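The report below takes up confidence, strands and charged side chains.

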Amino acid sequence: MNKSLQGTFLIIFFIAVIASVTGCKKAPDTPYSVPVVATNNVLTNLTSTSVSTGGIRLNVDNIAANGVCYSTTNHTPTIADPKTTDSIQVRFVSKLTGLTPNTTYYLRAYVTGSTGTGYGDVISFTTNATSAVPIGTVTTIAGSASNSGFADGAGASVLFDGPQNIAYNSSTGLLYVSDVFNNLIRTVTTTGTTATLSNATIGYANGSLATAMFYGPKGISFDAQGNAYVADLGNNVIRKITPGGTVSTFSGNASAGYVDGAATVAEYFNPQGTATDAQGNVYVADRSNNLIRKITPAGVASVFAGAIAATGYTQSSVFGYLDGDPSVALFNYPTALTVDAQGNVYVADFKNQAIRKITSTGTVSTYAGNLNFPTLVGTPTGLAVDSKGNLFIADSSGRILEITASKVLYVLAGSANTTGYADGVGAAAKFSSPSSLTIDAQGNLYVADFGNNVIRKIVVTVQ
């Protein structure tokens, strides 16, 4: 019996040794693929001799080098052309120096791995003719950063409590401000004299401005006739204010939800921003539905872009980040919109840290930023576009940005992830949750500096 057990043990041991030797054989090398890389399509800090840009690696590989390659003659530059070599990381930023003024360059990001080099899309740019770049000079025209409350008047004697949205009415030359915690619509002249338009009582009532009630009014926009359209967030409706001061419900039935159709049946869920095109259509950032809605001049609402939940209400389950056809595109907490002269709609897609562009036919693309490049536009909450196609952005982390029509980003004022209060030029200026901005007829910017309870003016110059 003992010999039998001993023999069995030896057999088992022998099998185990064979198995262990077989298991120690070297596994086949993991095959690497050619790196996949995306070029950041927005340039930063372009001057006459330098620019910054970069890319992101979208797959895993045995990486040897990454950076950008560029050329003035090769429209599809490669690493055989001039290039930068940056520290190896998933997301990299390159600064090109020694460029020739007033010269067109072609550029793309590259990543070199063990199996070859992958390239991103090509972008082109022209260096500035001089060293001058746009910069903003910031002053405070109304409000007191040391006090919140309610007071009309001029300059520092004015008190706000949460000025969150601002819009310029070209028909009157006045700035309209949603003073959220005071539950008011107020007007401010471009020199800072402030008056109150609406009733401060929280509620929902139409009629004259003296008796009409709002609940957390947010984004404001104007049509060519000077009518104002207000995203009345707390009431889940879009309100209309005529130049004569009459308030009506333009679209929505005061129920939180999602329904398209005529004004009296349409439903919204925390609408935050509005924008109006040349034909009188009103676009709505329907924040908690993660949709962009379109309302015709007759008040009929439909989805302009964004995926609709199969079960209807609540739409808040349909969020994400996806470009493409309007019926499949995904947004995540859209907060503001603006419309350019060609009818393109730009969206501050807050939680995606992106500016999205929607063509007049509804096709959605990423104009700047996204989760691959989260620091580019930060956390955008306000947008405005001028007649030349330059886009201005309120980054609630503390900056006012400009993206030129040629896709170059400049920080006009403030600093990212910085809170404070200071007037001044460029980075010397400080904001506290700047939430909205607008442009007057002379091209000056005005900012609703929410955390500081003030209205700021920015004069942009090239210097």
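What follows goes from model confidence to strand pairing, and then to arginine contacts and salt bridges.

**Confidence**

This is a predicted model. The protein averages a pLDDT of 91, and 92% of the residues score at least 70. Residues 1-30 are another matter: their pLDDT is below 50. Beyond near neighbours in sequence, that stretch makes zero contacts in the model. Where pLDDT is low, the predicted coordinates should not be read in detail.

**A four-stranded sheet**

Four strands form an open sheet in the order β24-β25-β26-β27. The pairing is antiparallel. Which strands stand at the edges? They are β24 (334-339) and β27 (364-369). Each has a single partner strand, so one side of each lacks a neighbour in the sheet. On average, neighbouring strands here are turned by 25° against each other, direction ignored.

Inside the sheet, β25 (residues 345-349) pairs with β26 (residues 354-358). Five bridges hold this antiparallel pair. V347 has R356 of β26 as its bridge partner. R356 returns below, in a salt bridge with D323.

Strand β16 covers residues 217-222. It is mostly covered, with six of its six residues buried. Its antiparallel partner is β17 (residues 228-232), joined to β16 by four bridges. Within the pair, P217 stands opposite D232 of β17. Five residues lie between the two strands of the hairpin. In this hairpin, G226 takes a positive phi near 90°.

R57 sits in strand β3 (residues 51-57). Is R57 buried or exposed? Its relative accessible area is 15%, under the 20% cut-off, so R57 is buried. Polar atoms of the R57 side chain approach two backbone oxygens. That of N59 lies 3.2 Å from a polar side-chain atom of R57. For Q89, the backbone oxygen is 3.5 Å from such an atom. Setting aside neighbours within four places in sequence, R57 contacts V36, I63, Q89, V90 and V111.

**Salt bridges**

Side chains of opposite charge can pair when their charged atoms come close. The model has ten salt bridges.

| Arg | Asp | N to O distance |
|---|---|---|
| R293 | D286 | 2.7 Å |
| R356 | D323 | 2.8 Å |
| R456 | D423 | 2.9 Å |

The salt bridge of R356 and D323 links distant parts of the chain, 33 residues apart. R356 is in strand β26, while D323 is in the loop between β23 (301-305) and β24. How accessible is R356? R356 has 0% relative accessibility, so it counts as buried. D323, at 30%, counts as partly exposed.

Next comes the salt bridge of D423 and R456. D423 lies in the loop between β31 (408-414) and β32 (424-425), and R456 lies in strand β35 (residues 454-462), so the pair ties together parts 33 residues apart in sequence. D423 has 36% relative accessibility and counts as partly exposed. R456, at 0%, counts as buried.

How values were computed
Residues numbered from 1 in each chain as written. Predicted model: local features only at pLDDT ≥ 70, side-chain atom pairs only at ≥ 80, totals over all residues. Heavy atoms only, no water. pLDDT = per-residue confidence, 0-100. Contact = heavy atoms within 4.5 Å. Pairing = 2+ DSSP bridges. Axes fitted to C-alpha atoms, helices over the stretch in contact; angles between N-to-C directions. Buried < 20%, exposed > 50% of the residue type's maximum accessible area, 1.4 Å probe, protein only. Polar contact = N/O pair within 3.5 Å; in protein donor to acceptor, adjacent residues only side chain to side chain. Salt bridge = Lys/Arg side-chain N within 4 Å of Asp/Glu carboxyl O.
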